[in-house]
Amino acid sequence: MTFSIITPSFNQGRFLPQCVDSVLAQHGIDFEHIVTDAGSTDETLEVLGRYPHLQWTSEPDGGMSDGINKGFRKATGDWVMWLNCDDYLLPGALAKVKEFALAHPDADIIHGDCVFVKEDGTPIRRKYDTPVDEWDFLFVGCCIPSTATFYHRRVLEAGELLDTGYRNCMDWEYYLRLTRAGFRFGYVPEALAGFRWHEESTTQKHWQRMIEEGLRAQRAHVAARGLPAYLGSASLLKVLRKAFQVRRVAKRWVAHRRLS
């Protein structure tokens, strides 16, 4: 079993060594690491040059989703994931995914937990997740971390790439679309990656755009599934979010015997 790790990159060279080293530390696993840099002007290219095993390019792209798609198209692994340049894999992460994949051959997407960390790498807390379904994605949101999510190559071979019209919620829209296509999600109750919170992260910088894109993804899913149009109401979705968050708490208790 082989893995393809895709890392989109732009002017965050100070984080790249930890990202690349965390993949190199996945002992006993066959992998390729593909970095699609968008033309960085900081120390990124110097850092990339230190690692002869990397497959990398540096050229302008159409945004993060486009950069990830470039990597997806180059990937040759049985399992593919994107690992942002400011995030990193935890020790043994790929071995845990491999073990789960072998035991659950029907899983098309495998996701696990992540650990939120500060800019300097200091741990904040672990995000305990649960098994997910269409209603979690539609009513709660992008409730699994992309940095700890893996896609079987049959997903990509089916032509399922990121929608480049989304700059923040590309993962949320992707998960909704994959549920519509009938792909199956499997959950590993293990911490697989570190997710870094810092001022320059896309998540931190563009909250309003995230809200707008999230609502667009929800409404598109409602329409594509032929669900009642009133489910696309922003005010109703807020109410349903609270209700389905309670459902998520119940599922977390089953998975981890904890409420948060």
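How many salt bridges does the count come to in this structure? The count comes to 16. Keep in mind that you're looking at a predicted model. Below, we'll start with an annotated stretch of the chain, then walk through some of the pairs.

**The annotated domain**
- UniProt, in an unreviewed entry, puts a feature called "domain: Glycosyltransferase 2-like" at residues 4-129.

**A hairpin to look for**
- Find strand S6 at residues 109-117 and strand S7 at residues 123-127; they pair in the antiparallel sense, over 4 bridges.
- Together S6 and S7 make a hairpin, with 5 residues between them.
- In the turn, check out Gly121, which has a positive phi of about 95°.

**Asp129 and its two partners**
- Asp129 has a salt bridge with Lys127, and here the N to O distance is 2.5 Å.
- Both of these residues, Asp129 and Lys127, are buried.
- Asp129 also meets Arg248 in a salt bridge, this time at 3.2 Å from N to O.
- Why does Asp129 count as buried? Its relative accessible area is 0%, and buried means under 20%.
- Arg248 passes the cut-off too, because its relative accessible area is 5% and the limit is under 20%.

**Arg177 and Glu160**
- Arg177 and Glu160 form another salt bridge, with their closest N and O atoms 2.9 Å apart.
- Arg177 sits in helix H7 (residues 170-180) and Glu160 in the loop between helix H6 (153-157) and H7, so this pair ties together parts that are 17 residues apart in sequence.
- Buried or exposed? Arg177 and Glu160 are both buried.

**A network of charges**
- Salt bridges can also join up: Asp133, Asp136, Arg247 and Lys251 are linked in a network of them.

Notes:
Residues numbered from 1 in each chain as written. Predicted model: local features only at pLDDT ≥ 70, side-chain atom pairs only at ≥ 80, totals over all residues. Heavy atoms only, no water. UniProt positions renumbered as here; feature names shortened; annotations may be inferred. Pairing = 2+ DSSP bridges. Helix = DSSP H or I, 4+ residues; strand = E, 2+ residues; numbered from the N terminus. Salt bridge = Lys/Arg side-chain N within 4 Å of Asp/Glu carboxyl O. Buried < 20%, exposed > 50% of the residue type's maximum accessible area, 1.4 Å probe, protein only.
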